[in-house]
Amino acid sequence: MSSGCFVVLEGPEGAGKTTLLRGLADRCRALGIGAVMVREPGGTPVAEALRGELLNADRPWTPAMELLYMTTARADLVTRVIRPALAEGRAVFSDRFDLSTMAYQGAGRGLPMEHVRWVNDAATGGLTPDVTLVLDLDPAVGRERQHAAGKGADRMEREDATFHERVAQAYLAASGPGVHHLQADASPEDVLNAAWRVLQRERPETFGPTSE
Ligand code: Z5A
């Protein structure tokens with residue numbers, strides 16, 4: 001049995017991660033690829049409950065509490081959903097993962113990166129994505145998209161523009177094994193096709209050979 005493939009979608013708010021996740025789910029279904037879709041924070045009963053608290057604009061979270069609860073939710077999701085699905089040879093797609101914690105709690109909140117990395121490592125047991133697709137978009141454009149869709153009122157989304165600019169800069173600077181940047185100001189279909197080409201190049205045994 002193959003060892004599965006762990007794909008993470010990242011980027012600032014409104015970049016199109018949820019839209020891309022849906023497109024990838026449809027394509028996997030059409031091609032008969034066994035795929036599991038999750039979102040962070042969330043994806044288990046405990047993590048969804050934590051998500052409700054974390055995004056509740058009435059709660060007075062400190063940065064350290066935010067870091068610990070985001071990664072507590074991640075620990076539950078990794079143990080109960082992601083690792084079992086990968087062990088079954090499935091492709092797992094996650095809307096956000098560890099890079100979000102670096103971007104929001106590290107760059108955004110200003111927590112020391114070594115603390116962010118250590119806590120994340122403890123939560124994941126060292127699990128890292130095989131492929132990370134970072135959707136690059138001007139945060140102002142992302143916010144406009146969200147407002148147009150009637151979103152933008154949760155606790156993180158209410159942070160000021162300088163916070164979201166620090167987050168966006170952290171995403172733009174992201175690099176490393178398996179990290180790919182996609183232009184998110186293209187049409188949803190073009191973003192999906194670009195993402196699929198990356199997946200085929202990185203994991204032809206899971207997503208089929210590229211036609212390039
Ligand atoms: N967070 C954290 O701080 N630390 C962590 O470790 C983790 C998370 C894991 C989760 O909120 C919050 O938690 C998030 C970071 C924090 N907060 N912020 N800000 P969420 O899951 O509710 O929100 P989000 O991740 O930011 O997702 P979103 O707002 O749903 O945006 P999206 O998924 O990237 O975009 P979308 O829903 O696919 O699209 C937004 C709109 O744009 C929608 O109307 C689409 O139809 C439209 N769209 C999508 N693609 C396109 C293109 N290509 N062109 C034009 N319009 C498009």
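Author: Start with a cut-off: a residue is called buried when its relative accessible area is under 20%, and exposed when that area is over 50%, with partly exposed in between. Keep in mind that this is a predicted model.

Reader: Is Glu 13 buried or exposed?

Author: Glu 13 has a relative accessibility of 7%, so it counts as buried.

Reader: Which residue forms a salt bridge with Glu 13?

Author: In general, side chains of opposite charge can pair when their charged atoms come close. Here the partner of Glu 13 is Arg 143, with 3.1 Å between the closest N and O atoms.

Reader: How many salt bridges does the structure hold?

Author: The count is 12. Another of them joins Asp 130 and Arg 203, at 3.9 Å from N to O. Asp 130 belongs to the loop between α5 and β4, Arg 203 to the loop between α8 and α9, so this pair links parts that are 73 residues apart in sequence. Asp 130 is partly exposed at 33%, whereas Arg 203 counts as buried at 13%.

Reader: Which residues do salt bridges with shared partners join into one network?

Author: Glu 66, Arg 109, Arg 155 and Glu 159.

Reader: And which residues form a nonpolar patch on the surface?

Author: Met 65, Leu 68 and Tyr 69, with about 260 Å² of accessible area together. Met 65 lies in helix α3 and is partly exposed, at 34% relative accessibility.

Note on methods
Residues are numbered from 1 along each chain as its sequence is written. This is a predicted model: local features need pLDDT of at least 70, side-chain atom pairs count only at pLDDT 80 or more; totals for chains, interfaces and linings use all residues. Side-chain values use heavy atoms; hydrogens and water are left out. Patches are made of residues with over 30% relative accessible area and no salt bridge: like charges are joined within 9 Å, nonpolar side chains (Val, Leu, Ile, Met, Phe, Trp, Tyr) within 5 Å. Accessible areas come from the Shrake-Rupley method with a 1.4 Å probe; for residues, only the protein chains shown count as cover. A salt bridge is a side-chain nitrogen of Lys or Arg within 4 Å of a carboxyl oxygen of Asp or Glu. Helices (H or I, at least four residues) and strands (E, at least two) are DSSP runs, numbered from the N terminus. Buried means under 20% relative accessible area, exposed over 50%, partly exposed in between (1.4 Å probe, protein chains only).
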